[in-house]
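Hello,

Here is the structure I promised to pass on. Please open it first, then read my notes below.

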There are 2 protein chains.
Amino acid sequence: MTLTQNLIERFVAIVGEAYALRSANDIEPYLIEPRDKFGGKTSLVLRPSNVDEVSAILKLATETETAIVPQGGNTGLVGGQIPDGSGTQIVLSLSRLNKIRSIDPAGNLAIVEAGVVLQKLQEAAAQAGKLFPLSLGSEGSCQVGGNLSSNAGGTAVLAYGNTRELCLGVEVVLPTGEILNDLRTVKKDNTGYDLKDLFIGAEGTLGVITAAVMKLFPLPKGKGVAYVGLSSPDNALQLLNMAQSHAGASLTGFELMPRIGVEFSVAHTEGVRDPLQEPHNWYVLLDISSSRSAEDARETIEAILTEAFEAGLVDDATIAESTAQEKSFWHMREAMSHAQKPEGGSIKHDISVPVARIPDFIKEADQAVLDLIPGARIVSFGHMGDGNLHYNISQPVGADKQAFLDRWAEVTKRVHDIVRAYNGSISAEHGIGQLKRQELSETKSPIALDLMRRIKKSFDPAGVMNPGKVI
Amino acid sequence: MTLTQNLIERFVAIVGEAYALRSANDIEPYLIEPRDKFGGKTSLVLRPSNVDEVSAILKLATETETAIVPQGGNTGLVGGQIPDGSGTQIVLSLSRLNKIRSIDPAGNLAIVEAGVVLQKLQEAAAQAGKLFPLSLGSEGSCQVGGNLSSNAGGTAVLAYGNTRELCLGVEVVLPTGEILNDLRTVKKDNTGYDLKDLFIGAEGTLGVITAAVMKLFPLPKGKGVAYVGLSSPDNALQLLNMAQSHAGASLTGFELMPRIGVEFSVAHTEGVRDPLQEPHNWYVLLDISSSRSAEDARETIEAILTEAFEAGLVDDATIAESTAQEKSFWHMREAMSHAQKPEGGSIKHDISVPVARIPDFIKEADQAVLDLIPGARIVSFGHMGDGNLHYNISQPVGADKQAFLDRWAEVTKRVHDIVRAYNGSISAEHGIGQLKRQELSETKSPIALDLMRRIKKSFDPAGVMNPGKVI
């Protein structure tokens, strides 16, 4: 529907003039997204302060068939939070629903609103002597509602699960404006269909999550972080199995990095240096959390590394001697994606394959990419313990950036075909949004797509929730 | 629809005469269920051997509007697997779909068909050097498909989660006969709505799960089991927090038991004895799994108990000295429900409340029950670490059994009202089935029920999947 002046005024009246943004200047930050790929337009950003205002907005949207694009911290990488180019879609920012309603350390629960910034929740949990484990590069600005809507992953999935597994219950405003209060605070509840998990990961296409019950965990009593040099992903896989066997659920991070990624991070990130003297083909960041003590964490790491050295899996390794050093090891890994930027154009993928197939996948995908683009610099790094790689490709040295980026679709098709042959996922943690919608429609099982469409239609018959995303 | 002879023949032709049961004798075992509460009838039990036969059955069912009741090991406690009394519903037994399609120890995965008995999967995992942690009293006969359809819980939820959390992907036959192949083998996959979790826990009302990808875990290198006597659920709660703080994810069981439950188990179960010399008001079974060694597990248990004794939380405790003794401690707990039978009538509940509210809940519910039925013997035991109690009530000594059982609805209403006041669940792990369908329709949020009905209608417009269950 077109957005008439009269209709705009009706929406504005719900939140009040001060929280309805209409000038290009005010609106701009809501349209600029991390990858500069999605050029959306809007003439209205609404910033409601509570669930009742969200409800009124969606009710009016459904009545008038006005498209609504929910937005959290605007850190999504697939354009799910960005309106289309028509200018008729309204952006619904959840950032003012930013209350932590309660923290219950005894019950290991926090009830938080959608607009709470992830880092604020981490800090509030820590102040209560607890851990909220979700951890992402964008944690300083992404919001819990966005984490839920995209089922965010991050570095702690290995031990604690995706955002879905961290959530016990949700409050959701349906397209009709009805408010589903499903803020359950119990871990076991078999009373009907699992509605919560339908809204989680739906990227705002079925309703708007306004609050959620999130799980808290005991704070580890000690951490241990090692930075390991090794010769191949095969060796990394064996090291992973060894680490899991020694540490069980105490293994809280296992990140794989290639030499070129370390070089990029060191070259382009202030304060990052390679802690090992000699270069190695591959690196693993090993993170252990102990429920007992720092000594215990260190002993576990030493036991893993001793066995790994004896088995010839590892060429060199160093264990962080301080919290500052732990952070600097992690900083190396976290800076890796960003450090590709000064190297020219990048074609990026967020894939997963079964963990044990990671080495084969890397071999096969690397060969395919280099066949297509000789000289391409492949920076495949990420959450190996979860089978999830950011399979990113930097342009060849000296190549034309635009000419390289123009081959995105071609390269991605090859990489994703290999992912599918390995029974993997073409979007492990970032979601579908706009970026992969077309590809999903072409490659996902028609039966699954049909079920998704049936759900979409029965929940949102007017089609107002984030149209043009996911399905 | 009525089941004409002609229609019966068409269904029989799909599986063959040998696997279509029509005589009362052959059918009887499929109608007798654990609680003798649901007197269903059928004139046909179908035993297909593969997914294509299941598909043909459902296709014909939808075409002819014939009701289908899927059944696994027939161990469900809420009548979800039992047809109604009309005789027109066909029982679809999944027991011949009993292949373990693959076990992948390196990938920590097993792909199994719905009819695999849980214990077979546990054994196959162990043979591959892995743990499949789901563990229930009925594990010798319940089937994985039933575990999934009811999102079964059990004793290992504390560390490993419900069945839902143990499953990566499913193969489902839809009411139309279409086969949804969603047998994904990756942990991270954000490509569209979470269909898997909609089928899990739907109790066969949306489709028939025919196979699933289940997660495997490293086998613990050592176990430690302690049997602890203490004075109150309050002390048990403090002990739980202490145990979680020491053991973290190594705490693999924390079961609460009242004195009367221990007395019943000892009195009525061969081989069960109370390992402590003096009687105590309450008991906790503490189960620790170490990824290092048996000594390590023992050290953890000793550290927990030492701190608990010093804090005055625990009156007495003993640690199992052998695997046989560990089993005998667990046997005490597992025998508890069954041991109520010789004591007369029982009114049983499967509730959960937030963990930290368990002591208050017990106080309030006990008072309410005793107000209603003075002399009632309350056997409230179960998975305290998950907030889940089997809040069972044995009749007063010498009371009339039927007169006691006739008060089931009245007692349950009081207990469930208190559960709801604590923001808990009236079915923590057993599901809704027939038993709690009416209550669900009266007490669940109308908005949630409406969403469930929309899903049901869009997935199963002919209404053939397990009608009369859940919604």
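Start with chain B. Arg96(B) lies over the face of Tyr19(B), 3.2 Å from the ring centre. Keep in mind that this is a predicted model.

There is a charge over a ring in chain A too. Here the charged end of Lys37(A) sits over the ring of Trp408(A). The distance to the ring centre is 3.7 Å.

Now the two chains together. A rotation of 180 degrees superposes chain B on chain A, with 0.0 Å of shift along the axis and an RMSD of 0.0 Å. That is the relation of a two-fold axis.

How many residues does the contact take from each chain? It takes 79 from chain B and 79 from chain A. Between them the chains bury about 6200 Å². Carbon and sulfur atoms account for 53% of that area. On the chain B side, Lys188(B), Asn190(B) and Tyr193(B) lose the most area to chain A. Together they make up 17% of what that side buries. Of the interface residues of chain B, 100% are also interface residues in chain A, so the copies meet through the same surface.

Next, the aromatic rings. The structure holds twelve aromatic pairs over all chains. Two of them in chain A are worth a look.

One is Tyr227(A) with Phe329(A). Their ring centres are 5.6 Å apart and the planes stand at 45 degrees, so this pair is tilted. Tyr227(A) lies in strand β12 (residues 222-230) and Phe329(A) in helix α11 (residues 323-334), so the pair ties together parts that are 102 residues apart in sequence. Tyr227(A) and Phe329(A) are both buried.

The other is Phe361(A) with Tyr422(A). This pair is edge-to-face, at 6.0 Å centre to centre and 90 degrees between the planes. It links distant parts of the chain, 61 residues apart. Phe361(A) is in helix α12 (residues 358-372). Tyr422(A) is in the loop between α14 (408-421) and α15 (437-443). Phe361(A) is buried, as is Tyr422(A).

Last, the annotation. An unreviewed UniProt entry places the feature "domain: FAD-binding PCMH-type" at residues 38-219 of chain A. In the model, the end C-alpha atoms of that span lie 39 Å apart. The span is 21% helix and 24% strand.

Best wishes

Methods: Residues numbered from 1 in each chain as written. Chains lettered and ligands numbered in written order. Predicted model: local features only at pLDDT ≥ 70, side-chain atom pairs only at ≥ 80, totals over all residues. Heavy atoms only, no water. Least-squares fit on C-alpha atoms with pLDDT ≥ 70 in both. Contact = heavy atoms within 4.5 Å. UniProt positions renumbered as here; feature names shortened; annotations may be inferred. Helix = DSSP H or I, 4+ residues; strand = E, 2+ residues; numbered from the N terminus. Phe/Tyr/Trp six-rings, centres within 6.5 Å; stacked < 30°, edge-to-face > 60°. Buried < 20%, exposed > 50% of the residue type's maximum accessible area, 1.4 Å probe, protein only. Lys NZ or Arg CZ within 6 Å of the ring centre and 35° of its normal. Buried area = accessible area lost by both parts, 1.4 Å probe.
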